[in-house]
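Please consult the structure beside each numbered point.

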Amino acid sequence: MTGIQSYSRELAGLGFTNRQIKVKIRARIRWMERRKYKKELAGSGERMKRDENKRIVKKARYLIATWNVMSMITTGGPSAIAKDLLEKGVDVALIQETRWEEEQSAWRCGEYYFWRGGAWRSKNGARVGGVAIVVHQRRKEDIIDFRIVSGRLAYMVIKGRAGRNLKLVSAYGPTEEATDDIKNKFWYDMEKVLEDTKEIDEIVSGGDFNGETGGNTGDPALGIHGVGLRNRNGERLVEYANTRGLSIVASNFIKKDVKKYTMRGNFQVDEGGRKFREYDHFLVRSRDKRTIKDVKNRWDTFHHSDHSLRLLYIEMKPCGVRDMKRNNNISVRLRSLEGGIAVNEELKGNNYKDIMDETSNISLEERWYKLKQGIKKGLERCPKNGEKRKPWISQNTWIKMKLRNEMWERVEKGTNHYGHLLEVRKEVKRMLKADKREWLKQQTEKAENAARVNNLKELYAIIRMLSGKRYSGVDLTGMDMNAFINHFESLLGRQVPDQRSEYEQRRAFHLAKNSSEIIGKEWSIDNTPPSDDEVIKMCKKMRNNKAVGMDELPTELFKNSEECQKVLGIIIRAFWRGEKLVEEHYTAILVTLFKGKCSRKEPGGYRGISLLSFVERIVSLIILERVKEAVEKRLLKHQYGFTSGKSCRDPVRLLWNKWESTMKIASVFVDFQKAFDSL
């Protein structure tokens, strides 16, 4: 209470009455309690955390469990497991070591549905491994997708809210005695499963990883409350979580060590006499760890296992603007010159020699995923953006604001006078108002200059920034989604029957055929694989500040990184020789923009824009440049649209001049809308 006492003395010295002092002290205490609550919510206070758990558990949207059941093929095993899950109120359970070979979907036992399978036979013929995901009947209708990747890995996608889904991964990691090939295969499959996840979706990966993480040694994936001694599997787990931006959530909660261990057994006793381990973990994205409200272990189960039933309480929230801002921050660093240089230095390392060697036997898919891993690690070398602040705040004002915050902390400790803080606060407010007036004046002048030179892009950007309005997307509530899907499917990738005989009977076909016979029959188009110089040339032709596709790699990265250009050339030449591209290379993101011409419920009132991956854009540009040379030789002299060096304004100007010189003129205007709105 030292800070409160000094605060009351300062108020009395400033001439406040006793009643005014009491009101201000109450407000001050409430502010300090809120500040303390926020700190303890992050994991630094046991009492507030316990109260928070009691409040949040009742409001949890999902209760997820992970459990190594040792075997599910025993008599009454699934029934006992379903009974345990029902007693604990579990929504979804991630099960490992089921020892069930045959893949089964939606097999019902009690009030739960089992998706299971994937076990294999050991050398002596015993069943080993196998994973399963168990869902309560109230969540069955929310299931979007399920897949068993291997006997150690399976995932399920469950429908969330506000366009955000929940991806659940059941993982059974190899033991310490397993070979490196088995471990590498497991982590490679895990990487592929998480790579295919949308950015806005939430990930919960739970299972028996056979690894102890130990205490925190500065790893961002671990909290300050880890237990145990880290083994080799634990090192691999922590390293993977650090690389993927995941958080091992159990280490963020204050609990006794005995309540965190998930495995016990006499056969696990080591030299130190330890009988307990923490082998079972939950992994979530670091940005979503605040949605995790608690992690608990339950040993009071009907089904016997050496592992405890670990429960995860999660309150999933709709996607917000904050996550998109963080994503934009990564994109900004990749677009910068510093980001390209950092990625270039990372790819020069010995770990990436195989993807730089075109003669290596590595597949195109592995080469691409390893390139993306190198880009992510190289981005860690790139310095992050500085402190975030409003654009109108000057450097002097920013320094003054830091001083004000430091004085707040000293006032709390009772080492500073509150009167001095009031003076600094008044000065900061005055400086902020002056900075904002000056900044608005500068932006107004920029807008006037942009309007004067007809720079509409900069003018609209300034107007949007000053108005503070952002495009929040189209609300599709109550709209017929099937109508939208059918509309854009009819425009993009539409398959039509072969109508060659019908086209050959038309007059336009004969005119084009006669024109081609006059100029020459053969089209001399280069079809050799593109060289590195050609790929670099096409990279330099690409425009900056363009939206990224499924690969989430901007154009500026390939312009600033020579090593990325080399790998890009190798990938394109492999595709040219017939190898299959990665799915994200030929998958586009369709963005719909409302034209404002009709009702928002009409699909025809939206303009579709496809965001392509960088590989697809480069391949398309290479083909376009090669075909353009042959096409320009056959274009008629009156062709103005889609022709280099000509514009559609030229025939309009000629027609206008002709119109002024004579009163008799006939013109036909044809709108080929469907020809240009479809493929």
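This is a predicted model: local features need pLDDT of at least 70, side-chain atom pairs count only at pLDDT 80 or more; totals for chains, interfaces and linings use all residues.

1. R573 is buried, since its relative accessible area is 9%; buried means under 20% relative accessible area, exposed over 50%, and partly exposed in between, with a 1.4 Å probe and protein chains only. The side chain of R573 forms a salt bridge with that of D532, at 3.0 Å from N to O. A salt bridge is here a side-chain nitrogen of Lys or Arg within 4 Å of a carboxyl oxygen of Asp or Glu. This pair links distant parts of the chain, for R573 belongs to helix α19 (residues 562-576) and D532 to helix α17 (residues 532-541), 41 residues apart. D532 has a relative accessible area of 35% and therefore counts as partly exposed.

2. Residues are numbered from 1 along each chain as its sequence is written, and side-chain values use heavy atoms, with hydrogens and water left out.

3. Helix α17 also provides E534, whose side chain meets that of R626 in a salt bridge of 2.9 Å, N to O. R626 lies in helix α20 (residues 614-632), so the pair ties together parts that are 92 residues apart in sequence. Both R626 and E534 are buried.

4. What separates the closest N and O atoms of E176 and R232? The distance is 3.8 Å, and the two residues form a salt bridge. E176 is in the loop between β10 (164-172) and α5 (180-195), whereas R232 is in helix α6 (residues 232-244), so parts 56 residues apart in sequence are tied together. R232 counts as exposed because its relative accessibility is 53%. By the rule given in point 1, the count of salt bridges comes to 33. Side chains of opposite charge can pair when their charged atoms come close.

5. Strand β17 (residues 309-314) is mostly covered, with six of its six residues buried. L309, L311 and Y313 are buried on one side, and R310, L312 and I314 are buried on the other. In a regular strand the side chains alternate between the two faces of the sheet. Strand β1 (residues 62-68) runs antiparallel to β17 and is joined to it by five bridges; two strands pair if DSSP finds at least two bridges between them. A65 stands opposite L311 of β17. Strand β16 (residues 292-298) is also antiparallel to β17, with six bridges, and N297 has R310 as its bridge partner in β17.

6. K446 lies in helix α12 (residues 418-452) and counts as partly exposed because its relative accessibility is 41%. Leaving aside residues up to four places away in sequence, K446 touches E458 and I462, where contact means heavy atoms within 4.5 Å. K446 and L459 are 13 residues apart in sequence, and their C-alpha atoms are 8.0 Å apart.

7. Finally, the whole chain may be considered. Its secondary structure comes to 22 helices and 19 strands; helices (H or I, at least four residues) and strands (E, at least two) are DSSP runs, numbered from the N terminus. Of the 679 residues, 40% count as buried. Among contacts in the chain with a separation of 6 or more, 66% are between residues 24 or more positions apart.
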